[in-house]
Amino acid sequence: MSALSAIGSDEWIQAFGQAFDGVGLAEVDVSISHAVEKTPAGKVSWTERWKGGKLASVALGADKAADIAFTTKWSDFLTYVSGDRTPSVMFMQGRLKMTGDMRMLLAILPSMDRDGFVSGLARLGAATDR
């Protein structure tokens, strides 16, 4: 995963899967849709599916039926994939907006601040062309 990939490219989606391979999220089944606005490629969306706390799939495109949907700006996305701030902090600052199942968010948010997940974000950030 040493090559830099443009967010939203097939290579970036592959890098996403590699970054979170073996990383645990709260032991739940959850679908999470992301939208990052104002990237070099415009608005980019993808959807992750986690089964029993493990990443099962990730694909380009938003899923309106996802349990949780996150929206952020490119600059804020880069802040949390660089490790400067955790997703929880970004959410509390209003820089990571969420819609969907708040109970599910509260179930997964603590695990998004743990070392394994934060390391996955850092690997993704290192693979993302800025």
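**Notebook: the chain and its helix α2**

I first read the order of elements along the sequence and noted the pattern α-β-β-β-β-α-α-β-α-α, with helices (H or I, at least four residues) and strands (E, at least two) taken as DSSP runs numbered from the N terminus. The tally for the chain is five helices and five strands. I keep in mind that this is a predicted model, in which local features need pLDDT of at least 70 and side-chain atom pairs count only at pLDDT 80 or more, while totals for chains, interfaces and linings use all residues. Residues are numbered from 1 along each chain as its sequence is written, and side-chain values use heavy atoms, with hydrogens and water left out.

*Overall dimensions.* I looked up the radius of gyration, taken over C-alpha atoms, for which the globule rule is 2.2 Å times the number of residues to the power 0.38. The chain has 13 Å, which agrees with the value near 14 Å that a compact globule of 130 residues would have. Along the principal axes, the C-alpha atoms fill a box of roughly 35 × 30 × 30 Å.

*Burial and contacts.* I counted a residue as buried under 20% relative accessible area, as exposed over 50% and as partly exposed in between (1.4 Å probe, protein chains only). On that basis, buried residues make up 44% of the 130 residues in the chain. For contacts (heavy atoms within 4.5 Å), I noted that, of those in the chain with a separation of 6 or more, 65% come from residues 24 or more positions apart.

*Helix α2.* I then turned to residues 74-81, which form helix α2, and found that seven of its eight residues are buried. These are Trp74, Asp76, Phe77, Leu78, Thr79, Tyr80 and Val81. I traced what they pack against, and the list holds the helices α1 (10-19), α3 (87-92) and α5 (115-127) as well as the strands β1 (30-39), β2 (42-51) and β4 (68-73). Just after α2, I noted that Gly83 takes a positive phi of about 90 degrees.

Leaving aside neighbours within four places in sequence, I found Asp76 in contact with Met90 and Arg95. With Arg95 there is also a polar contact, side chain to side chain, at 2.8 Å; the term stands for a pair of N or O atoms within 3.5 Å, where, within protein, one must be able to donate a hydrogen and the other to accept it, and residues adjacent in sequence count only if both atoms are side-chain atoms.
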